[in-house]
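The sequence and the structure come first.

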Amino acid sequence: MKKRILAGFALIGAMALAATGCASGAGGGTASGGGGGKVITVGFAQTGSESGWRSANTESMKDAFSAKNGFKLIFNAADNKPENQIAAVRSFINQGVDAIVIAPVVTTGWDDVLKEAKDAGIPVVLEDRTIDGSSDLYKAWIGDDFKKEGETAGAWAATNLGSKATNMVVLEGTTGSAPAIDRATGFDDAIKGTQIKTLDSQTGNFTRADGKTVMEGFLQKYGKTINLLFAQNDDMGLGALDAIKAAGLTPGKDIQIITIDATHDGLQAAANGEFNYVVECNPLLGPTVADTVKAILAGKDVPKAQTATDASFTPEQAKAALPDRKY
Ligand code: GYE
């Protein structure tokens, strides 16, 4: 059991996670759902449904927080609006849930509502995205290393394009979200001192539709001078493919493309030669989040941060990985 929980995760922090894996075995906690085989009620405040990554993450969470595993899940998708998400968390507090899990849309604005949860004695676990502010306000975070993903993407650009004059455009994720901030930092660090110049960088909100629209604008403005697109997720890159083709250019050749997520559709675009490099971001966080919630409610110590390990794919590697791709 322990091995399954930890597979693919690097534990940061000295405390080992001792989870039990079945609801009836999670006894010992004082929270109502923490023991004695009682159903554990969990409110999950998801960002929305902006991308293929998000669909895979929602599915993983719903599977892990299933009735079979001893949970009652109250699911909310905030349509990527911070105010909706905070309202959802407040409603979970009012309903007196046993635990709250949040995939924070943005990093800021969390202090008040997280204090309210703490005062109500409801533990909060963050999944996927991180927040700014005191780490006393939540018990644990489980997610991916966005800065490292950006660095991996930028290192590929630096190695393959950095020694010749290269004009890059960037499609950013949701403004103020941890992955948009940290992927940009990681990428920029990695291309420092190279000949890659950023012509423009705008948000495409992690969606295909906005990725296409913003890329159309870039193409109108900069035309054939663009050599490189860094899309901070697959979906924006996939939307941009339509814009690039409509402009009579060949994606992957006239404009090299780097994306992050490595969903099935992203890897397919790489296998087709349209994406040149794809960095993985593992969305299958549900089992680790569910086991962490159970451990907290059972009064056990849990690591403050658990980070998934992420691979990266050239077109050849994407071709090889596709048949077994789970999302
Ligand atoms: O990369 C993007 C999604 O927070 C890591 O959010 C996640 C990001 C992911 O919409 O596709």
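K164 is partly exposed, since its relative accessible area is 48%, and exposed would require over 50%. The model is a predicted one. Within it, K164 sits in the loop that runs between α5 and β7. Along the chain, K164 and T194 are 30 residues apart, while their C-alpha atoms are separated by 8.2 Å.

## Helix α5

Helix α5 covers residues 146-161.

Which residues of α5 are buried? They are F146, E149, G150, A153, G154, W156, A157 and L161. Viewed down the axis of α5, these buried residues fall within an arc of 150°, and therefore they line one face of the helix. The face turned away from that buried side carries the exposed residues K148 and T159. The cover over the buried residues of α5 includes the helix α6 (178-191) together with the strands β7 (166-172), β8, β9 (228-231), β10 (256-261) and β11 (277-280).

## Nonpolar cores

In soluble globular proteins, nonpolar side chains tend to be buried together. In this chain the largest nonpolar core has 41 residues. F65, V101, I258 and V293 are the residues with the most contacts inside this core. Helix α10 (residues 286-297) supplies the largest share of the core, 6 residues.

Leaving aside residues up to four places away in sequence, V101 touches V42, G43, F44, A45, M61, F65, V125, E127, V289 and V293. Another core lies apart from the largest one and has 31 residues, including A262, A269, F313 and A318.

## Salt bridges

Side chains of opposite charge can pair when their charged atoms come close. The structure holds 17 salt bridges. One of them joins the side chains of R54 and E50, with an N to O distance of 2.8 Å. R54 counts as buried at 2% relative accessibility, and E50 is buried as well, with a relative accessible area of 10%.

A further salt bridge brings together the side chains of R129 and D128, at 3.7 Å from N to O. R129 is buried with a relative accessible area of 1%, and D128 counts as buried at 2% relative accessibility. A network of salt bridges links E50, R54, D128 and R129.

## Two residues with positive phi

Most residues other than glycine have a negative phi. D79 has a phi near 55°, a positive value in a residue other than glycine. D79 is placed in the loop between β3 (71-77) and α3 (82-95). Is D79 buried or exposed? At 51% relative accessibility D79 counts as exposed, because the cut-off for exposed is over 50%. D79 also forms a salt bridge with K81, whose closest N and O atoms are 2.9 Å apart. K81 is partly exposed, with a relative accessible area of 34%.

F206 also has a positive phi, near 65°, and is a residue other than glycine. F206 belongs to the loop between β8 (196-203) and α7 (208-222). F206 is buried, with a relative accessible area of 4%, whereas D79 counts as exposed.

## The chain as a whole

The chain has 11 helices and 13 strands. Of its 327 residues, 54% count as buried. What share of the contacts between residues at least 6 apart in sequence joins residues at least 24 apart? The share of these contacts in the chain is 76%.

Notes
Residues numbered from 1 in each chain as written. Predicted model: local features only at pLDDT ≥ 70, side-chain atom pairs only at ≥ 80, totals over all residues. Heavy atoms only, no water. Core = buried A, V, L, I, M, F, W, Y, C linked by side-chain atoms within 4.5 Å. Buried < 20%, exposed > 50% of the residue type's maximum accessible area, 1.4 Å probe, protein only. Helix = DSSP H or I, 4+ residues; strand = E, 2+ residues; numbered from the N terminus. Contact = heavy atoms within 4.5 Å. Salt bridge = Lys/Arg side-chain N within 4 Å of Asp/Glu carboxyl O. Expected span 1.5 Å × (residues − 1). Arc of directions from axis to C-beta.
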